[in-house]
Amino acid sequence: MADTASISCKDLTYSYTGGFGPALSGVSFEAGQGEYLGVVGPNGGGKSTLVRLLNGLLAADSGRVRVAGFDPATEPFEVRRRAGVLFQNPDNGLVAPFVEDDVAFGLENLGVERAEMRGRVGEAIRAVGLSGYERREPHTLSGGEKQRVALAGLLAVGPEVLLLDEPTAMLDPPGRREVLERVRGLRRSRTVLHVTHHLEELFDADRVLVLNGGRLVADAPPEELFSDADLLRENRLVLPTVPRLAVDLGLPFCRTPEELADAVEKRSRDNSGVEAR
Amino acid sequence: MTAVRGVGQFYPVASPLHALDPRAKVVATALLVVGLFFVDSAAGFVVAGSATALLVGASRVPLRAFLGLLRPVAFIVALTFFFQVFFLREGPTLFGWGFVEVHEGGLEMGLLLAARLLILVTTAGLLTATTAPVALADGIEDLLSPLKRLRFPAHEVAMMMTIALRFIPTLGEEAQKISRAQAARGADFTSGGLLARARALVPILVPLTIGAFRRADELAEAMESRGYRGGHGRVRYRELRFRARDALALLLTILVVLAAVLL
Ligand SMILES: Nc1ncnc2c1ncn2[C@@H]1O[C@H](COP(=O)(O)OP(=O)(O)O)[C@@H](O)[C@H]1O
Ligand SMILES: [Mg+2]
């Protein structure tokens, strides 16, 4: 029944021609409709390769992929109208000299009727909070704004799945916040696969996958993954200060200083109970 | 928010010229440019020149935008002019000054050639200043589309134009960034002979070119992932409409060109 899932991969293997060994080997996982999956791992772990395979930009050497019910290798266009990719560099994803025309690009390719296109473009621009930017030229926008334009271009097509390949890696903190806020707003209404180096962006993900050396080394909820000190170290994953402190103290996963304070207090209460021997 | 506008770029104001169908404007410009090569009388240039001046006025594009456009060609215009004036020895002598002689034929030819160049550049500038890049690309695609049957890649040419227009400012910014970085390390782009200056540009051009290839790669991937597969089955976001006023504009252009050529 894999086809009820939005994304399903079974034993996915891929090697680049001229690459050293497989970039992905034997990767299997599933994402149900509306699930929010994080993907982390060291550089060269195979995260971008996975995204390319899911969108039909590459075809797997072996294994089975389905995205929104279609095989991206044989029916890339069916997949692409149902799964959008947000890439890392916001400068190189925009095609048209005006915001409005860029947001329309995917719809133009799909051959959507012009009247409907107008409505959907306007709606998508509104959804990312860029009303009034229709006639702006991409090079006059901030990184966060460009990335939101790119997101609007995906949303206009109305995809079931969003594949985000480190969309905040090149942004400054305010830009990151802008983009994350818009992405969070899409939770549940789309299936999201979010590749990132910032673990805190995945604290409320449903599950997080860890890719290292082309292998899927973990697939677990963030609380579990981010409190496993060995796993974090082996995969060179660095938590922000608060949860890292919690892990180092052997406490359960904490997102905020408040949670950490509570956990510390709870521990000392428990300990004092035990120590009253 | 006023972005810096480069020479010959689109100038977004509302004017009767801006409102015309880009296809009409491209055809009219082509007619004027080709027609100019057949104009050979002073009266003809007066007609063509005043028509161009009227259009510049009607475009509501500030004059300095056109002056900026003319500055780089001013040298060529001056050179052409003086070459004709001093070396074409036809007709009665206007004045002689040792071995320097200016003949009527030379002066006339110099003026005509200078006028032709100035009108040519202004006309081309009018087209790009009053037509949004996307509209220009769409218009050219439509005009070239009959050639599709001869396997001419009309859509691809238009798409290339659009992308070039989109990335020129981005690459310009990158070039500036790199040259600032190089200058901070002591590179000098402003002194020395032509050769020394050209050599100083190498450390800018190399990273810029490599960067452009990386961009092209990523852009191609982004376009593909957004379902791009060439012009087939594509619907353009913007609709071009050929209206009565476009027909009128073309008719007027034809009349002006005919008058200028025949006079
Ligand atoms: N175009 C390519 N050609 C050859 N090898 C590549 C190419 N892209 C990536 N690789 C290799 O594939 C592996 C996985 O890369 P990638 O999926 O980009 O990792 P990540 O996105 O996790 O950093 C790396 O070893 C990388 O060097
Ligand atoms: Mg990557």
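Which residue stands opposite A:V161 in strand 7 of chain A? The points below come back to this pair.

1. This is a predicted model, in which local features need pLDDT of at least 70 and side-chain atom pairs count only at pLDDT 80 or more, while totals for chains, interfaces and linings use all residues. Residues are numbered from 1 along each chain as its sequence is written, chains are lettered from A and ligands numbered from 1 in the order in which they are written, and side-chain values use heavy atoms, with hydrogens and water left out.

2. An unreviewed UniProt entry carries the annotation "domain: ABC transporter" for residues 7–238 of chain A; such annotations may be inferred rather than shown by experiment. Over residues 7–238 the chain is 33% helix and 23% strand, with the end C-alpha atoms 27 Å apart. Helices (H or I, at least four residues) and strands (E, at least two) are DSSP runs, numbered from the N terminus.

3. Six strands of chain A make an open sheet with mixed pairing, in the order 5-6-7-3-8-9, where two strands pair if DSSP finds at least two bridges between them. Strand 5 (83–86) and strand 9 (215–220) are its edge strands, each pairing on one side only. Within this sheet, strand 6 (residues 161–165) and strand 7 (residues 191–195) run parallel and are joined by five bridges, and it is A:T191 that stands opposite A:V161.

4. A further open sheet of chain A has three strands in the order 2-1-4, with antiparallel pairing. Strand 2 (24–31) and strand 4 (62–67) stand at the edges with a single partner strand each, so one side of each is left without a neighbour in the sheet. Strand 1 (residues 7–14) pairs with strand 2 in the antiparallel sense over five bridges, and A:S8 stands opposite A:E30 of strand 2.

5. The residues around ligand 1 (those with a heavy atom within 4 Å of it) include A:Y16, A:A23, A:P42 and A:K47. The shell divides into three nonpolar, six polar and one charged, on a scheme where Ala, Val, Leu, Ile, Met, Phe, Trp, Tyr, Cys and Pro count as nonpolar, Asp, Glu, Lys and Arg as charged, and the others, Gly among them, as polar.

6. Oxygen atoms of ligand 1 lie 3.2 Å from a backbone N or O atom of A:G45, 3.0 Å from a backbone N or O atom of A:G46, and 2.8 Å from a side-chain N or O atom of A:S48. Taken alone, ligand 1 exposes 560 Å², of which the protein buries 60%, with accessible areas from the Shrake-Rupley method and a 1.4 Å probe.

Methods
Polar contact = N/O pair within 3.5 Å; in protein donor to acceptor, adjacent residues only side chain to side chain.
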